[in-house]
Amino acid sequence: MKIKTLVILLLGAVGVFGCETVEKRIVIDSPKGWEILKTPTKASLRGLSPVTTEIAWASGSGGVWMRTVDSGKTWTSGIIDGLDSVDFRDIEAFDASTAIAMSSGQPAVIYKTTDGG
């Protein structure tokens, strides 16, 4: 009787653990062919305007604007005065000094800088 019980228990264990599959997971630090650029803000970025391979502007929540002139290695950032509750949905840049940021909301606003922010 003991041997019969032992065989049944062993068969049950083989049935439970024998069907277990090993899943291989690949951890990717960054998508292949892409570079992650660090930014100085926690804002939700929504607007991006590349001007050249070195110059780009970005805009986002909380009135945030950002600008890089070295291909994203470093960023200058700020909040447009008095607009820390405004979410900028887009930014259109013309050069390293000139950009227009736009929000959608009540009221919708458009701001322009000619001195790099």
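A polar contact is a pair of N or O atoms within 3.5 Å, of which, within protein, one must be able to donate a hydrogen and the other to accept it. The close-up views below all come from a predicted model.

View 1. Thr68, which is found in strand β3, has its side chain joined to that of Asp70 by a polar contact of 2.9 Å. Is Thr68 buried or exposed? With a relative accessible area of 3%, Thr68 is buried, because the limit for a buried residue is under 20%. When neighbours within four places in sequence are left aside, Thr68 is in contact with Glu54, Ile55 and Ala56, and also with Lys73, Thr74 and Trp75.

**View 2. The open sheet of 4 strands.** The strands of this sheet follow the order β1-β2-β3-β4, and their pairing is antiparallel. Its edges are formed by β1 and β4, each of which pairs on one side only, and from one strand to the next the twist averages 15°. Strand β3, made of residues 64–68, pairs with β4 over 4 bridges in the antiparallel sense. Within this pairing, Trp65 has Gly78 of β4 as its bridge partner. As background to this view, strands of a sheet pair through backbone hydrogen bonds, in either a parallel or an antiparallel way.

**View 3. Ser71 in the loop between β3 and β4.** The loop that lies between β3 and β4 contains Ser71, a residue with a positive phi of about 60° although it is not a glycine. Most residues other than glycine have a negative phi, which is the background against which this view may be read. At a relative accessibility of 35%, Ser71 counts as partly exposed.

**View 4. The salt bridge between Arg46 and Asp87.** How many salt bridges does a search of the whole structure find? The search finds 1, and in it the side chains of Arg46 and Asp87 meet at 3.4 Å, N to O. Arg46 lies in strand β1 (residues 45–50), whereas Asp87 lies in the loop between β4 (76–79) and β5 (88–93), so the pair ties together parts that are 41 residues apart in sequence. Both partners can be described by their accessibility: Arg46 is partly exposed, with a relative accessible area of 37%, and Asp87 also counts as partly exposed, at 26%.

**View 5. The open sheet of 3 strands.** In this sheet the order of the strands is β5-β6-β7, again with antiparallel pairing. The edge strands, each pairing on one side only, are β5 and β7 (110–113), and the twist averages 20° from one strand to the next. β5 and strand β6, which spans residues 99–103, are joined by 5 bridges in the antiparallel sense, and these two strands form a hairpin with 5 residues between them. Two facing pairs can be picked out in this view: Ala93 has Ala99 of β6 as its bridge partner, and Glu92 stands opposite Ile100 in β6.

**View 6. The largest nonpolar core.** Which residues make up the largest nonpolar core? It has 12 residues in all, namely Ile55, Trp57, Trp65, Ile80, Leu83, Val86, Phe88, Ile91, Ala93, Ala99, Ala101 and Val109. At least two residues of this core come from each of β5 and β6, and β5 gives the most, with 3 residues. In soluble globular proteins, nonpolar side chains tend to be buried together.

View 7. Ala43 lies in the loop between α1 (2–17) and β1 and is buried, with a relative accessible area of 18%. Leaving aside neighbours within four places in sequence, Ala43 is in contact with Ser61 and Val64. The C-alpha atoms of Ala43 and Gly62 are separated by 6.7 Å, while the two residues are 19 residues apart along the chain.

Key. Residues numbered from 1 in each chain as written. Predicted model: local features only at pLDDT ≥ 70, side-chain atom pairs only at ≥ 80, totals over all residues. Heavy atoms only, no water. Salt bridge = Lys/Arg side-chain N within 4 Å of Asp/Glu carboxyl O. Buried < 20%, exposed > 50% of the residue type's maximum accessible area, 1.4 Å probe, protein only. Pairing = 2+ DSSP bridges. Axes fitted to C-alpha atoms, helices over the stretch in contact; angles between N-to-C directions. Core = buried A, V, L, I, M, F, W, Y, C linked by side-chain atoms within 4.5 Å. Contact = heavy atoms within 4.5 Å.
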